[in-house]
Amino acid sequence: MSTRSTATTVDEAPRQRRPAGKNIIRPYGDMTGDGMVQLSFTLPVPNDKRAEGAALQLAAKMGMDPAMVVHTRAMGDGYTFFVVYGTVNHLVDLSKVVVAERDFPILAAKEINNLVRQRMRRKLVVVGACIGTDAHTVGIDAILNVKGIAGEKGLEYYRELRVVNMGAQVGVPDLVETARVEKADAVLVSQVVTQRDAHLHNTREMSAAFREALPADKRPLLVVGGPRFDEMMTSELGVDRIFGRGTTPREVASYLVDALIVNKKKAA
Amino acid sequence: MKSRARAAKLNLDPALVRRARALARKAGKPVVDMARTHTTVSVERAVLRLAGVTGADTDGIPWVNRLVDSVRNDVGLGYGVAVPVFHAMAREGVDDLTMLAQKAAAGSVRFEIPTGAQASAARRAARRGVGAGIRRIDKRRAERERLVLRHGDPRQRPWIYLIVATGDIYEDIPQAQAAARAGADVIAVIRSTGQSLLDYVPEGATREGFAGTYATQENFRLMRAALDESSRELGRYVRLTNYASGLCMPEIATLAGLERLDMMLNDSMYGILFRDINPIRTFVDQRFSRQIHARAGIIINTGEDNYLTTADAVEAAHTVTVSQLLNEYFAHEAGLEDWQLGIGHAFEINPDLHESFRLELAHALLARELFPDAPLKWMPPTKHMTGDVFRGNLLDGFFNLVGTMTGQGILLVGMMTEAVVTPWLSDRDIALQNVRYVLNACGGLHEDFVPAPGGFIQHRAAHVLNEAIELLERIVDDKLLNAIADGTFGIMKRPADRGKGLDGVAEQDDGYYNPATEILEEASK
């Protein structure tokens with residue numbers, strides 16, 4: 001779960017059915033090395049002989065040969081759904097599988113709560129806001145609200161996190177003050193508007209204000225997120241972490257417990 | 001409806017059921033009293049929309065917002081906006097409200113609270129203006145009744161409810177029409193993420209939304225017109241659903257009434273619990289929006305399914321019952337009739353749990369018997385949909401089976417790709433095949449299915465009802481607002497003095513006048 005994997009393929013594979021070697025494998029139907037896969041898709045054509053031929057052509061181009069169309073079904077007037085079974089001629093070379101490891105593991109809500117309870121022995125405090133003139137709370141709300149995003153509940157849902165969501169158009173001084181009063185362990189800032197690089201200016205202003213107001217050991221973890229950030233710009237912006245498009249609440253929560261509890265690598 | 005005939009399979013103690021309802025009334029009453037003595041910016045904007053204010057300024061801020069803000073700056077909200085606005089119209093000699101809003105935004109009109117004869121004249125004018133809007137809603141309702149007579153209702157129960165959500169109204173329309181052709185009886189257009197927290201209703205046809213399409217009056221109109229076309233083509237009236245929730249709930253309810261939407265998601269506590277909207281704001285907005293829905297003949301769908309996505313569906317089963325009873329009380333109080341109560345519940349028990357299907361049956365039957373004349377909105381599994389689409393399709397089949405065995409009225413079609421992608425054309429087709437198979441194979445099974453007397457299902461239902469009564473007793477002692485503050489529902493703690501939209505709430509002064517509420521309450525007496 002904590003990894004994203006990308007596989008490289010080897011083309012022009014030999015077709016004979018022999019037990020796969022240590023590193024070279026192919027899909028398994030009911031016999032080692034048979035290469036069988038099952039595939040379903042829709043083509044924007046009416047269900048007739050030509051549609052079936054089109055499906056077979058697609059399957060062949062995807063490396064399925066021979067392929068069998070085992071099911072077709074018309075959907076409305078101009079679409080057909082197919083289920084295709086067949087042998088793929090691609091091989092997978094396990095020695096060439098590249099797995100990009102995140103530098104923190106993705107944990108389940110329960111594990112996150114347990115870590116906070118057992119290691120911090122108090123609630124982990126998160127203060128969130130949209131700063132500057134940005135009124136788009138979509139991002140911060142997706143991460144913080146119970147409603148969450150993509151089927152994942154927001155940080156409010158975690159029993160051991162205490163979330164203060166300041167909402168939109170929060171001034172930096174207010175944010176710093178709230179973080180201080182609430183004894184925030186982490187500050188989450190969301191920036192959607194990017195006109196004239198507003199998101200970068202606002203973020204720099206925010207991190208500078210925290211550096212000025214609080215000594216390093218009292219400073220909360222500074223996290224920003226938004227669709228247009230470059231995740232590699234942390235030191236330039238003076239923050240601890242940047243999250244881009246598609247980030248889910250569980251990723252953020254996992255990062256927080258990793259940075260604040262497991263590794264305690266704080267401050268930029 | 002043959003509802004009475006299908007009741008009494010659970011052998012529930014009628015005295016306990018009466019007690020549960022009485023407790024819900026007792027718990028809800030203080031909240032209603034509070035709603036009657038407060039108003040909100042959104043309620044006042046809805047009043048102005050009924051009086052005919054339309055359009056937005058060049059920044060896209062609706063004129064109703066500009067007008068309410070101007071009135072509020074000058075005289076506050078405590079008297080309502082109707083009287084100061086109609087008084088200003090008479091004084092300035094402006095006969096168009098939108099024009100007045102433009103002048104007010106430019107700073108060339110000042111608002112004041114008239115007295116004596118001027119006040120009575122302003123009240124009369126406001127009532128005339130708002131009354132015209134309510135008559136338009138009445139006309140749309142009559143129009144729906146005519147179209148239902150002409151095209152007919154769906155041939156089967158439950159009605160099949162499908163969701164469309166592309167973000168672009170012009171993409172939504174062909175998708176919705178295709179879904180109707182494929183068998184959907186009800187089309188819901190999901191809103192853009194974050195709309196619930198906007199304190200204004202966007203204007204015009206929209207083509208850009210996040211994971212949904214903005215609810216706007218023009219989008220409502222376009223989609224309703226498209227589905228009218230589909231209704232003619234298919235020979236059954238296809239219903240349209242949207243969401244009366246979030247900070248603009250009263251206005252969206254009003255726009256739904258004006259554009260003949262047929263169902264609206266409208267839960268008494270959803271915004272509080274899941275969107276952190278201030279509880280008082282929510283209850284005030286809620287009451288007004290329900291009064292509009294009652295008048296417009298709109299079926300509401302409540303949101304109890306959401307509790308089960310955060311809390312455990314077995315442990316928290318009784319909180320669903322409690323919320324259903326509260327939603328029923330608030331709905332009746334606002335003038336909604338039983339046929340308009342699409343009371344919500346969901347198939348969310350962990351499928352790995354022993355006897356999970358029997359538990360689902362017990363819960364679904366309990367809702368059916370507690371609300372025998374309500375259509376009930378039955379929601380498919382989401383929490384335990386894992387991306388294993390094959391298992392997901394099986395679970396959805398069991399969900400459909402419970403739906404037909406317990407006579408649910410509105411069935412939201414479960415997608416095997418829940419939690420994977422927004423549904424593809426083929427996902428929808430497979431999901432509808434699943435529904436059709438179950439309805440065709442055993443659509444009348446509820447006639448035969450009677451749980452064994454004293455058996456597992458009867459026992460479980462009685463247990464949940466008892467737990468619900470215990471919880472209601474605690475809520476009555478503690479007051480509902482405190483119970484919400486303490487995290488009783490869906491585990492969220494929401495104190496009454498916190499949350500979004502609180503600054504848009506005002507206490508009514510002695511001279512408060514809201515012609516819409518006045519007209520709507522005359523009707524419900």
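I start with pLDDT, which is the predictor's confidence in each residue, on a scale from 0 to 100. I also need contact: two residues are in contact if their C-beta atoms, placed from the backbone, lie within 7 Å.

This is a predicted model, in which local features need pLDDT of at least 70 and side-chain atom pairs count only at pLDDT 80 or more, while totals for chains, interfaces and linings use all residues. Residues are numbered from 1 along each chain as its sequence is written, and chains are lettered from A and ligands numbered from 1 in the order in which they are written.

Confidence, then. The model scores ipTM 0.85 and pTM 0.83. Chain A has a mean pLDDT of 85, with 86% of its residues at 70 or more. Over residues 1-20 of chain A, pLDDT stays under 50, and the model has 32 contacts beyond four places in sequence for that stretch. For chain B the mean is 93, and 97% of residues reach 70 or more. Its residues 1-6 stay under 50, with six contacts beyond four places in sequence. Where pLDDT is low, the predicted coordinates should not be read in detail.

Helices here are DSSP runs of H or I with at least four residues, strands are runs of E with at least two, and both are numbered from the N terminus.

Within chain B, take helix α3, residues 41-50. Is α3(B) mostly covered or mostly open? It is mostly covered, as 10 of its 10 residues are buried. Buried means 20 or more other C-beta atoms within 10 Å of the residue's own, exposed means 12 or fewer, and partly exposed is in between, with C-beta atoms placed from the backbone. The buried residues include charged side chains by the scheme above, among them B:Glu44, B:Arg45 and B:Arg49. After α3(B) comes B:Gly52, with a positive phi near 110°.

α3(B) packs with helix α12 (residues 279-296) of chain B at about 25°, axes 9 Å apart. Axes are lines fitted to C-alpha atoms, for helices over the stretch in contact, and angles run from 0 to 180 degrees between N-to-C directions. The two helices are therefore roughly parallel; angles under 35 degrees count as that, over 145 as roughly antiparallel, 65 to 115 as roughly perpendicular and the rest as oblique. B:Ser42, B:Val43 and B:Ala46 of α3(B) meet B:Val284, B:Asp285 and B:Phe288 of α12(B). That contact has four nonpolar, one polar and one charged residues.

Last, one residue of chain A. A:Thr87 sits in strand β6 (residues 79-88) of chain A. A:Thr87 is buried, because 20 other C-beta atoms lie within 10 Å. Beyond its neighbours within four places in sequence, A:Thr87 contacts A:Asp34, A:Gly35, A:Met36, A:Met64, A:Asp65 and A:Pro66.
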